[in-house]
Amino acid sequence: MKIQVVNPNTSAAMTEAIGRAAAAIAGPDVEVLATCPSMGPASIESHYDEALSVPGLLAEIAATPADGHVIACFGDPGLEAARELADGPVVGIAEAAMRTAAFLGRGFSVVTTLDRTRGRAWDLAHRYGVAGFCRGVWACDVPVLEVETAVEAVVAACRTAVAADRSDVVVLGCAGMTAQRAEIEHRVGVPVVDGVQAAVLQVESLVRMGLRTSAAGEFAAPPPKPYSGLLEQFTTA
């Protein structure tokens, strides 16, 4: 089985860290293909970044044969479009993490990077039907590309979230936090869910069950039409 884990930003170092975490949790017969696009933002920290990350993300999925795909950004950018495009199931790390956390307690808190991204996390909690479990969204105020080495700030934000929200579980709101998960859990004292590993296992489970995204409705392949200019390569046939 091959599972592609796509980091939608262009950071090779972050992609390598995500790939290591994904491979560590995948089954022994699973090959993890960690990739990132050559075009797009260096990190995703705004709606503008997220919108401009989607073409590169979709190009990576189209170019990488795999049984399933993971979108390794907590905004789950391009998730619906990727489901139209891919042959196998596609899971975003925010959806995977939040749904997993809902199995583990009555309520969870999300700890994300910059304060400006908190609204997006709330939007996704409502979209995925888990807002009733989400007791709060907190920011450690560390940029995405620095968060892997900022464990003290992340731990402090997690402790504040658990105390203020009386949460049973913490959800890590950035793929860049994946390498810190075990240490954070040990120091905070509640289950800590990393969306990268949760999404990899959910995709693996769907593939093993022979399931894929339904093509009966809106997630059917996009209708054929030309694209022009910089998007010419995305023309559908």
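Is Asp76 buried or exposed? At 1% relative accessibility, Asp76 counts as buried, because buried means under 20%. Keep in mind that this is a predicted model. Asp76 lies in the loop between β3, residues 68-71, and α3, residues 79-85. Phi of Asp76 is near 50 degrees, which is a positive value in a residue other than glycine.

Now compare another loop residue. Arg166 is found in the loop between α6 and β7. It is not a glycine, yet Arg166 has a positive phi of about 55 degrees. Its surroundings are another matter. Arg166 has a relative accessible area of 67%, so it is exposed.

Step back to the whole chain. It holds eight helices and eight strands. How does its radius of gyration agree with that of a compact globule? For 237 residues, such a globule would have a radius near 18 Å. The chain has 17 Å, which agrees. Along its principal axes, the C-alpha trace spans about 55 × 35 × 30 Å.

Next, look at how the chain is packed. Of its 237 residues, 54% count as buried. Take the contacts between residues at least 6 apart in sequence. Among these, 69% join residues at least 24 apart. The accessible surface comes to about 10,700 Å². Carbon and sulfur atoms account for 55% of that surface.

What lies inside? In soluble globular proteins, nonpolar side chains tend to be buried together. Here the largest nonpolar core has 69 residues. Val5, Phe74, Met98, Phe108, Val110 and Ile184 touch the most other members. Helix α6, residues 151-165, gives the most to this core, with seven residues.

Start with Val5. Leave out residues up to four places away in sequence, and Val5 still touches Ile18, Ala22, Val32, Leu33, Ala34, Thr35, Val70, Ala72 and Val200. One of these partners, Ala22, lies in helix α1, residues 12-25. Ala22 counts as buried, because its relative accessibility is 0%. With residues up to four places away set aside, Ala22 touches Val5, Val32, Val196 and Val200. Ala157 is another story. Ala22 and Ala157 are 135 residues apart in sequence, and their C-alpha atoms are 24 Å apart in space.

Met177 lies in the loop between β7, residues 169-172, and α7, residues 181-188. It counts as buried, because its relative accessibility is 0%. Which residues does Met177 touch, not counting those up to four places away in sequence? They are Val111, Thr112, Thr113, Cys140, Val147, Val154 and Leu172.

Helix α2, residues 47-63, is the last stop. Tyr48 lies in this helix. At 62% relative accessibility, Tyr48 counts as exposed, because the cut-off for exposed is over 50%. Tyr48 and Asn9 are 39 residues apart in sequence and 13 Å apart in space, C-alpha to C-alpha.

Pro55 also lies in helix α2. Its relative accessibility is 23%, so Pro55 counts as partly exposed. Beyond its neighbours within four places in sequence, Pro55 is in contact with Met39, Leu231 and Phe234. Take Leu231 from that list. It is 176 residues from Pro55 along the chain, and their C-alpha atoms are separated by 8.1 Å.

Conventions. Residues numbered from 1 in each chain as written. Predicted model: local features only at pLDDT ≥ 70, side-chain atom pairs only at ≥ 80, totals over all residues. Heavy atoms only, no water. Helix = DSSP H or I, 4+ residues; strand = E, 2+ residues; numbered from the N terminus. Rg over C-alpha atoms; globule rule 2.2 N^0.38 Å. Buried < 20%, exposed > 50% of the residue type's maximum accessible area, 1.4 Å probe, protein only. Contact = heavy atoms within 4.5 Å. Areas by Shrake-Rupley, 256 points an atom, 1.4 Å probe, with all protein chains shown as cover. Core = buried A, V, L, I, M, F, W, Y, C linked by side-chain atoms within 4.5 Å.
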